[in-house]
Amino acid sequence: MEIKGALTLRKRQVLILFVLLGFSEAGPGSVRYSVVEETEIGSFIANLARDLGLGVEELSSREARIVSDDNEKHLHLNLLTGDLLLNEKLDREELCGSTEPCVLHFQVLLQNPLEFFRAELHIKDINDHSPTFLDKEILLKISESTTLGTTFLMESAQDLDIGSNSLQNYTISPNSHFYIKIQDSGDGKIYPELVLDRMLDHEEEPELRLTLVALDGGSPPRSGTTLVLIKVLDINDNSPEFSQRLYEVQVPEDTAIGSWVITISAKDLDAGNYGKISYIFLHASEDIRKTFEINPTSGEVRLISSLDFEVIQSYTINVQATDGGGLSEKCTLLITVMDINDNAPEVTMSSITNRVPENAPQTLVAVFSIRDQDSGDNGRMVCSIQDDLPFILKPTFKNFFTLVTEKPLDRESRDEYNVTITVTDMGTPRLTTQHHITVLVSDVNDNAPAFTQTSYTLFVPENNSPALHIGSVSATDADAGANAQLTYSLLPPPDPGLPLASLVSVNADNGHLFALRALDYEALQAFEFRVRATDRGAPALSGQALVRVRVLDANDNAPFVLYPPQNGSAPCTELVPRAAEPGYLVGKVVAVDGDSGQNAWLSYQLLRATEPGLFGVWAHNGEVRTARPLSERDAPRQRLLVLVKDNGEPPLSASVTLHVLLVDGFSQPYLPARDAAADAAPADPLTVYLVVALAAVSSLFLFSLLALVAVRLCRRSGAAWAGGCAAPGGRFPGPLVDVSGAGTLSQSYPYEVCLTGGTGTDEFKFLKPIIPSLPVLDTSRNAEENENFRNSFGFGIQ
């Protein structure tokens, strides 16, 4: 035959696997490439960087990636070279089936800024599949009375390849009765028909066995065969007739397996066996045979497998009705699958950033795409997130969305967000898909350290041991990580004379304060300084706090006696007339204490005396007074040991000896000794300063009082001695004034010594205290007061 001859003349060609590269505009902003199926993994397709007009460095810096519409990783982008490579072997028949052209759509996703490039990859077919017959044997029953030229429909072969590699021709094994005629169905497929070329004779040859060969157009061509069994029948002159040439039915895709779909019916006017009709699917693909079945006797079509609208939307089935005599007729059954909302939306994350810096607005968090395999309203989708979050969704390209921050975030207010992306379709019932993203807010150093107190007051006892922990300061930082790690340091004091570096130090890690040396309350009662807390952020932030240190006094100073002076000179003697009444002020012990508070509260106590019970000491002011009247039996020289004790813990004390001379009147022997002792002992500087300071306050009153008394005494004693009143030539201790609680006299006690003038002996005439403007008291009252004074010391006169 001519076709067979043409095939024998065709030259054999060798298939060479190579990549067909093409680049052309597939629309605004899209590029097109092509590749032969079954190309090895890693094969080069194109240089994507050059085709997009981008640099290789830009592809890497902008994190370029390939996103396919079917979410499969067929391709790989080498960011170092910009080459687009195959990530897997592509099978055109698996990806596209019989669809031509076979196109994989993908996008090139670039970030910073976000940008999309559309691209297509066309997969070229190769002749890798041979034609196959689904039936290993085709049975034909042909009446012997069949006229010449009668055609018989044959089952067609299946070839998964397309184009020139698909099924192109049929041949039949050599015989004397039949030849093959090829028919075009109009949809690009060819079907073989067996044509009777010579009359059959049932008696001569009741059965014929022929081989039907299907050839494709590949180079070299591939082929498939099936056995054609022809049984020659007796005459049958009526063919089956269908009530309609086209049957149409709509079936929901969720129809249960085993459900009735439709009944195909045909009639035959013949009687007997020739009028019995059987039904089969003619030229049915494997998908049809797996999905539907037809009852050969009744023509009922039932569902034997689940339908999926997203895979196949309709089925076109040829149904053949054959009577008992072998005559047949065909009709077409069109089954349309009705979509139902059985596919929930899908969310595919292309890029996600789990950590977002605070204080940065419009920060890209995620890039994702959504899709729904349903159609119509079932495939329309609405994408949303929670309303109470500082994030917004922005549609970008096709079904791609970006999740960005709506406003600057504050990690200190909230450091984590759970974002739920909700995608809902518009079908009935509505289906929803949710995708959860946890966004962590990374810290920025935007909070300065803050101390728990603006100022701290620390109390440190004096004489502390060096390196003593005296307290702590504490600061907090609302930031996190290194931004919240604090370092403490001392700031230079406002007083440049304060040696802060030698007084205290601070632990840089925990804020503990230490005294570097022993503190002395008497030298430094208090000081203050500032502590700074600095975090480790960039730039670093700091805070300050004021620290006041109060040195607590310790009882480390014993009382110091100012009077009588303790300078190693001759003792100072107090003169007391024997006519002195009880309560007569003999003198006063004056002492001071360098401490403060109760450590400086002094008390006085008479430890020993020459005549016990003769003198007493007031515990609070140190005044020494007579406790009873003096008698002739009392020794003229009295020695009193007075103890001065502070109120500290433990108490410290000092003692002083007071010498008292009992005299009846002034005489020469007493004065030189007293004057010599006074001249020999230089005045103590502290005593002098104290006396001068106190005398300056009361000098005007004292001088006026002394002048008035001296004038009155001179007038009264003018007849007794011509020289009048004059001060003695020797020095006497000046008056001491006490400030209550400080250890000095509470009032002035001046003495006047009147000497005779013009005598050679300078004898004492009298010695008496000058008490100005004293009222005259009656005897009984004086006696009562003397008794009270004696009782205050715990002793009396027997």
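These notebook entries record what I looked up in a predicted model of one protein.

**Basis.** I number residues from 1 along each chain as its sequence is written, and I leave out hydrogens and water, since side-chain values use heavy atoms. In this predicted model, local features need pLDDT of at least 70 and side-chain atom pairs count only at pLDDT 80 or more, whereas totals for chains, interfaces and linings use all residues.

**Entry 1, the whole protein.** I looked up the secondary structure and found nine helices and 52 strands. Both are DSSP runs numbered from the N terminus, helices being H or I with at least four residues and strands E with at least two. Of the 798 residues, 42% count as buried; buried means under 20% relative accessible area, exposed over 50%, and partly exposed in between, with a 1.4 Å probe and protein chains only. Among contacts with a separation of 6 or more, 68% are between residues 24 or more positions apart; a contact means heavy atoms within 4.5 Å.

I found H177 in the loop between strand 11 (167-172) and strand 12 (178-184). Is H177 buried or exposed? H177 is buried, because its relative accessible area is 7%. The side chain of H177 makes a polar contact with the side chain of E205, at 3.3 Å. A polar contact is a pair of N or O atoms within 3.5 Å; within protein, one must be able to donate a hydrogen and the other to accept it, and residues adjacent in sequence count only if both atoms are side-chain atoms. Leaving aside residues up to four places away in sequence, H177 touches several others, including V195, M199, L200 and L208.

I found one disulfide in the structure, a disulfide being a pair of cysteine sulfur atoms within 2.5 Å. It joins C96 to C102, with 1.9 Å from S to S. The torsion about the S-S bond of C96 and C102 is about 65 degrees, so the disulfide is right-handed. C96 is buried at a relative accessible area of 15%, and C102 is buried at 1%. I also looked up C331, which is buried at 2%, and C383, which counts as buried at 17%.

Strand 34 (residues 455-461) has a covered face of Y456, L458 and V460, while S455, T457, F459 and P461 form the uncovered one. I noted that strand 34 pairs with strand 41 (residues 542-552) in the parallel sense over seven bridges; two strands pair if DSSP finds at least two bridges between them. L458 stands opposite V549 in strand 41.

I traced an open sheet of four strands in the order 43-50-49-46, with mixed pairing. Strand 43 (573-577) and strand 46 (602-609) are at the edges with a single partner strand each, so one side of each has no neighbour in the sheet. The twist from one strand to the next averages 35 degrees; axes are lines fitted to C-alpha atoms, and angles run from 0 to 180 degrees between N-to-C directions. Seven bridges join strand 46 to strand 49 (residues 637-646), and the two run antiparallel. R608 stands opposite L641 in strand 49.

I found W618 in the loop between strand 47 (615-617) and strand 48 (623-626). W618 is partly exposed, with a relative accessible area of 35%.
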